[in-house]
Number of protein chains: 2
Amino acid sequence: MTHHATRTLQELGYRLTPQRTMVWEVLRRTRGAHLSAEDVCAQVQADFPHVNLSTVYRTLELLVGLKLVRETCLGSDRRYYEVEEEVPHHHVVCGLCGKVEHLSDDSLQTTRHLLNHVLGFEMREATFFGVCRTCLSAVNEGEEEHHAHP
Amino acid sequence: MTHHATRTLQELGYRLTPQRTMVWEVLRRTRGAHLSAEDVCAQVQADFPHVNLSTVYRTLELLVGLKLVRETCLGSDRRYYEVEEEVPHHHVVCGLCGKVEHLSDDSLQTTRHLLNHVLGFEMREATFFGVCRTCLSAVNEGEEEHHAHP
DNA sequence: TCGTAACTGCAATATGTTTGCAGAAGCCAC
DNA sequence: GTGGCTTCTGCAAACATATTGCAGTTACGA
Ligand SMILES: [Mn+2]
Ligand SMILES: [Mn+2]
Ligand SMILES: [Zn+2]
Ligand SMILES: [Zn+2]
């Protein structure tokens, strides 16, 4: 477990087990992706087949609690995990194809201030649901075909 | 089933059953709230105890498909339902107490344009996660107590 | 190297949602 | 109104995701 995660765990008295190392490594090397607990488990098991899914869940819970990993809701079925970066970001989810895009925190400064002034709310993360560029043009082409004969 | 939901269902050839009527009525009279399938079922069963949860799920799925009801993700465990209003709105969720506040669509025009310009994305709904005013002041009081003796 | 508390694997459990099926009932034609 | 066809419902079982109890294993400081 390279990086500060090693130190954090050991400094806080948690044991540095191969399972924890592997979970962290999987998340680190898939930076930018959003993995479910099962995705993480599958990747860990590729190298270390006996690792159990419940251990992965427990490890993710631990890392999330320590703010080394971020747990995100991108729809309603499962939870997704990614390493917690220094600069936070937000998510833009296409409801048709499921693609997830990132949005910098900077671009939401006005929204953050709005929420703060209107509701006294401190925004931590935002998720936007809608239709991505690709699906949008696919739909429009369909519409054109549909209305093509007047 | 008052209102356009009656017409819509019958015009499209769906049968107007008491179960469907009750589900719709429950959602209509709790306007502004966010009910899980079980919440809806419990309220339906208060008047009509034999109605089954799976029927409620099937009815919600139908109404969502017809865009009479809106299904929203406000965290990760369950799905929540509310009547689909003419003017859409967005959700602001406190991660500490779970309170959900509403935000008008108008206030997100700039964000909508941003997403459209930057990603070609058509935003339909947004959810903001963070800390509400109440929880924020509770936390601050705690901090003050904590740092009270220099 | 040893001892102990923390951790893991496994199986069982919890919770939310979906599905197959047989019987019930809405709705249209008469 | 009555019948008949087809959709819909209740029920139970299955499914998907996440959690937990426990016995055995392992990390790690002494
Ligand atoms: Mn992300
Ligand atoms: Mn709402
Ligand atoms: Zn898409
Ligand atoms: Zn709160």
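Modeller: Two strands pair if DSSP finds at least two bridges between them. This is a predicted model, and β3(A) and β5(A) meet that rule, pairing in the parallel sense over 4 bridges.

Biologist: Which residue stands opposite A:Cys94 in β5(A)?

Modeller: A:Cys94 faces A:Gly130 there.

Biologist: In which sense do β3(A) and β4(A) pair, parallel or antiparallel?

Modeller: Antiparallel, over 5 bridges. In that pairing A:His91 stands opposite A:His102 of β4(A). The hairpin of these two strands has 5 residues between them, and A:Gly98 takes a positive phi near 85 degrees in it.

Biologist: Why is β3(A) described as largely enclosed by the rest of the structure?

Modeller: Buried means under 20% relative accessible area. β3(A) is largely enclosed because 6 of its 6 residues are buried.

Biologist: What should I know about side chains along a strand?

Modeller: In a regular strand they alternate between the two faces of the sheet. For a case with named side chains, take A:Arg70 and A:Glu125, which meet in a salt bridge at 3.3 Å, N to O. This pair links distant parts of the chain: A:Arg70 is in strand β1 (residues 69-73) of chain A and A:Glu125 is in strand β5 of chain A, 55 residues apart.

Biologist: Are A:Arg70 and A:Glu125 buried or exposed?

Modeller: A:Arg70 is buried, because its relative accessible area is 8%. A:Glu125 also counts as buried, at 17% relative accessibility.

Biologist: Which residue forms a salt bridge with A:Arg124?

Modeller: A:Glu122 does, and the closest N and O atoms are 2.4 Å apart. Here A:Arg124 counts as partly exposed at 48% relative accessibility, and A:Glu122 counts as partly exposed at 31%.

Biologist: And what is there to read in chain B?

Modeller: The side chains of B:Arg112 and B:Asp105 meet in a salt bridge of 3.2 Å, N to O. B:Arg112 counts as buried at 18% relative accessibility, and B:Asp105 is buried with a relative accessible area of 14%. Over all chains the count comes to 14 salt bridges.

Biologist: How many salt bridges are there between chain A and chain B?

Modeller: The count between these chains is 0.

Biologist: How is the size of an interface given?

Modeller: It is often given as the accessible area lost when the parts come together. Chain A and chain B bury about 2,900 Å² between them, with 66% of it on carbon and sulfur atoms. Of the area that chain A buries against chain B, 21% is supplied by A:Leu119, A:Phe121 and A:Phe129, more than by any other three residues.

Biologist: How many residues does each chain bring to the contact?

Modeller: Chain A gives 31 residues and chain B gives 31 residues. β3, β4, α5, β5 and α6 of chain A each supply at least two residues of the side that touches chain B. The largest share of that side comes from β5(A), with 10 residues. By kind, the residues of the side divide into 18 nonpolar, 7 polar and 6 charged.

Biologist: What joins β5(A) to strand β5 of chain B?

Modeller: There are 9 bridges between them, and the strands run antiparallel. A:Thr127 stands opposite B:Thr127 in β5(B).

How values were computed:
Residues numbered from 1 in each chain as written. Chains lettered and ligands numbered in written order. Predicted model: local features only at pLDDT ≥ 70, side-chain atom pairs only at ≥ 80, totals over all residues. Heavy atoms only, no water. Contact = heavy atoms within 4.5 Å. Buried area = accessible area lost by both parts, 1.4 Å probe. Salt bridge = Lys/Arg side-chain N within 4 Å of Asp/Glu carboxyl O. Nonpolar A, V, L, I, M, F, W, Y, C, P; charged D, E, K, R; others polar. Buried < 20%, exposed > 50% of the residue type's maximum accessible area, 1.4 Å probe, protein only.
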